[in-house]
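Thanks for coming. I will go through the sheet and then the ligand site, so please keep the structure open.

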Amino acid sequence: MPNIELRHLTKKFANFTAVDDLSINIDDGDFITLLGPSGCGKTTTLRQIAGLETPTSGEILIDGKVMFSSNKLVDVPPSQRGVGFLFQNYALWPHMTVWQNIAFGLENLKWPKDKIDARVKELLALLRIEEFPNRYPAELSGGQQQRVAIARTLATNPRILLMDEPLSNLDAKLRMEMRAELKRLHHETGATFVYVTHDQLEAMTLATKICLLKNGKLQQYAPPLEVYARPANTFVADFVGSPSINLVDAVVNSVDGKKVMLKMDGYEASMEMGEAFKNVEKGKAKIGIRPEYIALGEEGVPAKVLSSLPSGMETIVHLELHARLNLTCVVFGQKDYAVGEELRVSFPTSHCMLFDADGRMCGLGKLTFC
Ligand SMILES: Nc1ncnc2c1ncn2[C@@H]1O[C@H](COP(=O)(O)OP(=O)(O)OP(=O)(O)O)[C@@H](O)[C@H]1O
Ligand SMILES: [Mg+2]
């Protein structure tokens with residue numbers, strides 16, 4: 001049984017629709033990331049699950065029980081939904097020690113003292129902050145404060161943990177560390193995590209499934225690698241992956257079975273489509289090529305190096321095939337290229353993407369320039 005079900009969830013502020021008919025099932029033990037650009041409705045969605053925002057219409061079920069229903073006039077208060085939440089401004093109580101901060105919620109629930117002590121100890125160990133139970137928040141680093149905040153949220157053992165950009169105040173290195181910690185924590189607690197972020201890398205690395213929103217509308221709900229390799233549309237394709245995918249305008253001239261003949265900015269090309277190919281109409285289309293799908297070498301069409309950015313593990317190369325067709329490519333390993341160097345490019349994978357005139361995915365295939 002899914003742990004959380006959103007059915008036709010819609011939230012309007014006056015006549016502006018912040019969340020638009022969102023229906024997803026979140027399974028028990030999943031780590032879901034709500035991803036999308038600023039203002040797409042991530043926080044609003046999370047707050048509705050928590051019960052902090054009243055939906056305009058739709059239903060929210062947790063463990064099969066109706067938490068909100070506009071039709072049945074049900075609206076269970078936040079404290080009775082069995083969820084823990086952690087928001088961006090997780091402010092710890094400055095006048096309380098680490099220990100007191102974590103114990104606070106349990107004291108409110110009138111747990112006996114020995115049980116509180118045992119639970120706080122357990123959390124200090126789980127979050128690797130055993131060394132400083134008696135320090136005050138001001139005496140901790142950002143990452144340590146963050147861990148105390150997480151421990152405080154976990155204290156009551158919520159089966160569902162809702163988090164809104166909890167790492168956004170941290171520097172890059174600490175964020176990386178905390179991501180690994182969160183993944184470990186997810187594994188160890190077995191809880192369901194719903195995590196808001198606008199950082200595609202964070203969403204990719206943490207999630208069992210990504211829920212990608214744009215203007216309050218669901219774009220795709222799938223495991224990260226599926227979102228990456230088989231994006232539902234050009235918006236999704238462009239939103240995930242760094243460096244960004246190459247999206248090239250094309251015109252489909254003919255379709256013969258699984259062979260699509262097209263013109264790409266002056267080049268005649270063809271695509272041999274794989275399984276699950278949804279037929280494409282003749283006319284405007286877009287080709288999506290991930291930077292690592294491009295091979296540089298002796299084969300293929302001529303190209304000139306515009307810039308080369310080696311970072312040790314990989315090199316990002318900007319190429320010009322001709323005046324209007326530029327491609328970004330990633331070469332793994334320690335390689336560098338001279339500006340102006342002439343090379344050839346080819347597309348050896350069968351993962352290039354074909355999108356229709358409306359930007360919807362038609363399928364993956366092997367791209368060849370004629
Ligand atoms: N109380 C409100 N009244 C009116 N409009 C609101 C209210 N809360 C949110 N909105 C609007 O709803 C939209 C979605 O807001 P939301 O906070 O969910 O975005 P978000 O995806 O979390 O963005 P960010 O990444 O910037 O945090 C935004 O356009 C926002 O301006
Ligand atoms: Mg937000």
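Start with strand β3, residues 31-35, and strand β10, residues 209-214: the two run parallel and are joined by 4 bridges. L35 has L212 as its bridge partner in β10. Keep in mind that this is a predicted model.

Where does that pair sit in the sheet? The sheet is open, has 6 strands and mixed pairing, and its order is β7-β8-β9-β3-β10-β11. β7, at 83-86, and β11, at 217-222, each have a single partner strand, so each of these edge strands has one side without a neighbour in the sheet. From one strand to the next, the twist averages 15°.

Now the helices. α4, residues 142-154, lies across β7 and β8, and runs at about 165° to β7. α5, residues 172-189, also packs on the sheet, where it touches β3, β8 and β9. The direction of α5 makes about 160° with that of β9.

On to ligand 1. Which residues are around it? They are F13, F16, A18, P37, S38, G39, C40, G41, K42, T43, T44 and E165. By class, that shell divides into 5 nonpolar, 5 polar and 2 charged residues. α1 gives the largest share, 3 residues.

For the side chain of T43, the corresponding distance to a ligand oxygen is 2.7 Å. At C40 a backbone N or O atom lies 3.2 Å from an oxygen atom of the ligand. Ligand 1 taken alone exposes 640 Å², and the protein buries 59% of that.

Note on methods
Residues are numbered from 1 along each chain as its sequence is written. Chains are lettered from A and ligands numbered from 1 in the order in which they are written. This is a predicted model: local features need pLDDT of at least 70, side-chain atom pairs count only at pLDDT 80 or more; totals for chains, interfaces and linings use all residues. Side-chain values use heavy atoms; hydrogens and water are left out. Two strands pair if DSSP finds at least two bridges between them. Axes are lines fitted to C-alpha atoms, for helices over the stretch in contact, and angles run from 0 to 180 degrees between N-to-C directions. Contact means heavy atoms within 4.5 Å. A residue is near a molecule or strand if one of its heavy atoms lies within 4 Å of it. A polar contact is a pair of N or O atoms within 3.5 Å; within protein, one must be able to donate a hydrogen and the other to accept it, and residues adjacent in sequence count only if both atoms are side-chain atoms. Accessible areas come from the Shrake-Rupley method with a 1.4 Å probe; for residues, only the protein chains shown count as cover. Ala, Val, Leu, Ile, Met, Phe, Trp, Tyr, Cys and Pro count as nonpolar, Asp, Glu, Lys and Arg as charged, and the others, Gly among them, as polar.
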